[in-house]
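Subject: Structure for your review

Dear colleague,

Please find below the structure that I am handing over to you. My notes on what was found in it follow directly after it.

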Amino acid sequence: MDYRVCRSESRRRQCWWEYHQQYSYSGRDPVGNEETHEMYPKSYLDKLWEYVCPGTTGLDDSWINSGMDPKLSRFGCKRVLVYVAEKDFMKERGWFYKEVLRKSGWDGEIEVVDVEGEDHIFSVFAPDSENGMAMLKKVAAFINE
């Protein structure tokens, strides 16, 4: 899971709230344990993204793989909050997104919150759980900062 919340300063391009389950969805090259994941191996996810995004040029299209976006360094906000979950099959993509954003030359602040013991979209399935509520509070505080 990946939440990116952006709040720009005045006179900058406004980017108040942007939500994606994962902005860096996939890519031709595997990240972390993608090739060996038991439930969702990379071969399955690759086919899924090709089906979900038929108008793209493939897995390294910038819509699917943000690392291929030549404009990433001009991301329109100064702060990004990324959530990943310990058991999430896409966890490594969240950390990869942080690395890609840094390497792009984007000069903002990025925070990754790694939630122990949780799985993909835990806050959707259990929004009233301790971790779900903590996430909600963190995201709200981030937006209001």
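**Salt bridges**

The structure holds six salt bridges, a salt bridge being a side-chain nitrogen of Lys or Arg within 4 Å of a carboxyl oxygen of Asp or Glu. Please note that this is a predicted model, in which local features need pLDDT of at least 70 and side-chain atom pairs count only at pLDDT 80 or more, while totals for chains, interfaces and linings use all residues. Residues are numbered from 1 along each chain as its sequence is written, and side-chain values use heavy atoms, with hydrogens and water left out.

Side chains of opposite charge can pair when their charged atoms come close. One of the salt bridges joins Arg 79 and Glu 145, whose closest N and O atoms are 3.6 Å apart. Because Arg 79 lies in strand β3 and Glu 145 in the segment after α4 (130–144), the pair ties together parts that are 66 residues apart in sequence. Helices (H or I, at least four residues) and strands (E, at least two) are DSSP runs, numbered from the N terminus. Arg 79 counts as buried at 10% relative accessibility, whereas Glu 145 is exposed at 59%. Here buried means under 20% relative accessible area, exposed over 50%, and partly exposed in between (1.4 Å probe, protein chains only).

A further salt bridge is formed by the side chains of Asp 114 and Lys 91 (3.0 Å, N to O). Asp 114 belongs to strand β4 and Lys 91 to helix α2, so this pair ties together parts that are 23 residues apart in sequence. Asp 114 is partly exposed, with a relative accessible area of 31%, and Lys 91 is buried, with 17%.

Glu 111 also forms a salt bridge, with Lys 138; their closest N and O atoms are 2.8 Å apart. This pair links distant parts of the chain, Glu 111 being in strand β4 and Lys 138 in helix α4, 27 residues apart.

**Overall layout and cores**

The chain has four helices and four strands, and from the N terminus on its elements run β-β-α-β-α-β-α-α. Of its 145 residues, 45% count as buried.

The largest nonpolar core has twelve residues, among them Leu 72, Phe 75, Tyr 97, Val 100 and Trp 106. A nonpolar core is a set of buried Ala, Val, Leu, Ile, Met, Phe, Trp, Tyr and Cys residues joined through side-chain atoms within 4.5 Å. Strand β3 (79–85), helix α2 and strand β4 (109–115) each supply at least two residues of this core. Another core, of nine residues, lies apart from it and includes Ala 85, Val 113, Val 115 and Phe 122.

Which residues of helix α1 (residues 42–52) are buried? They are Lys 42, Leu 45, Asp 46 and Trp 49. These residues cover an arc of only 105 degrees around the axis, which puts them on the same side of α1; the arc is that of the directions from the helix axis to the C-beta atoms. An α-helix has 3.6 residues a turn, so residues three or four places apart point the same way. On the other side of α1, Lys 47 and Tyr 51 are exposed. Leu 48 also lies in helix α1 and counts as partly exposed, at 32% relative accessibility.

**The end of helix α2**

Lys 103 has its place in helix α2 (residues 91–103) and counts as exposed at 66% relative accessibility. Lys 103 and Ser 73 are 30 residues apart in sequence, and their C-alpha atoms are 8.5 Å apart in space.

Yours sincerely,

A colleague
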